[in-house]
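Please keep the sequence and the model at hand while reading.

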Amino acid sequence: MAMTAVNDRSDRYVWSGNGHEHVAIAEAVIGRKLPHGAVVHHIDGNGKNNTKSNLAIFPSEAYHKLIHRRQRAYEACGNADWLKCHFCKEWDDPNSGRMCL
């Protein structure tokens, strides 16, 4: 029986046994433990949707963060390569020379 985690991410993931259910499912799909540093990503952003088709294995947390940054940019402005300026909060091409300094 799965339990909801009780911590700062209390309702984001489903716990199963000794760990997150999505990790156990990903490991079952590939037939072995995840490689060191690998991260399981929920494609639809719903940490409780652990269907196989909603899980992707990324090689590192850095790559996982990159995918989330690109997804936020694409959803905000239609271009995954653009960055949000920390000062004016506008999205723009980082090579345009128009970013606030």
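The points below go from the chain as a whole to single residues.

1. Basis of the values. This is a predicted model, in which local features need pLDDT of at least 70 and side-chain atom pairs count only at pLDDT 80 or more, while totals for chains, interfaces and linings use all residues. Residues are numbered from 1 along each chain as its sequence is written, and side-chain values use heavy atoms, with hydrogens and water left out.

2. Secondary structure. The chain contains two helices and seven strands. Helices (H or I, at least four residues) and strands (E, at least two) are DSSP runs, numbered from the N terminus. Read from the N terminus, their order is β-β-β-α-β-β-α-β-β.

3. Surface and burial. The chain has an accessible surface of about 7,300 Å², and 53% of that area belongs to carbon and sulfur atoms. Accessible areas come from the Shrake-Rupley method with a 1.4 Å probe, and for residues only the protein chains shown count as cover. Of the 101 residues, 23% are buried. Here buried means under 20% relative accessible area, exposed over 50%, and partly exposed in between (1.4 Å probe, protein chains only).

4. Contacts along the sequence. Among contacts in the chain with a separation of 6 or more, 18% are between residues 24 or more positions apart. A contact means heavy atoms within 4.5 Å.

5. Salt bridges. Side chains of opposite charge can pair when their charged atoms come close. The rule applied here asks for a side-chain nitrogen of Lys or Arg within 4 Å of a carboxyl oxygen of Asp or Glu, and the count comes to two salt bridges.

6. The pair E27 and K33. E27 belongs to helix α1 (residues 21-30). A salt bridge joins E27 to K33, with 4.0 Å between the closest N and O atoms. E27 is buried at 17% relative accessible area, whereas K33 is exposed at 62%. Beyond its neighbours within four places in sequence, E27 is in contact with R32, K33 and L34.

7. The pair D81 and R70. These side chains form a salt bridge at 2.5 Å, N to O.

8. Strand β4. In a regular strand the side chains alternate between the two faces of the sheet. Both faces of β4 are covered, as V39 and H41 on one side and V40 and H42 on the other are all buried. Strands β4 and β5 run antiparallel and are joined by four bridges; two strands pair if DSSP finds at least two bridges between them. Within this pairing, H41 has A56 in β5 as its bridge partner.

9. The loop residue N54. Is N54 buried or exposed? N54 is buried, with 5% relative accessibility, and lies in the loop between β4 (39-42) and β5 (55-58). Its side chain comes to 2.8 Å from the backbone nitrogen of D44, and a polar atom of the N54 side chain is 2.8 Å from the backbone oxygen of N49. Leaving aside neighbours within four places in sequence, N54 is in contact with residues including H41, H42 and I43.

How values were computed: Polar contact = N/O pair within 3.5 Å; in protein donor to acceptor, adjacent residues only side chain to side chain.
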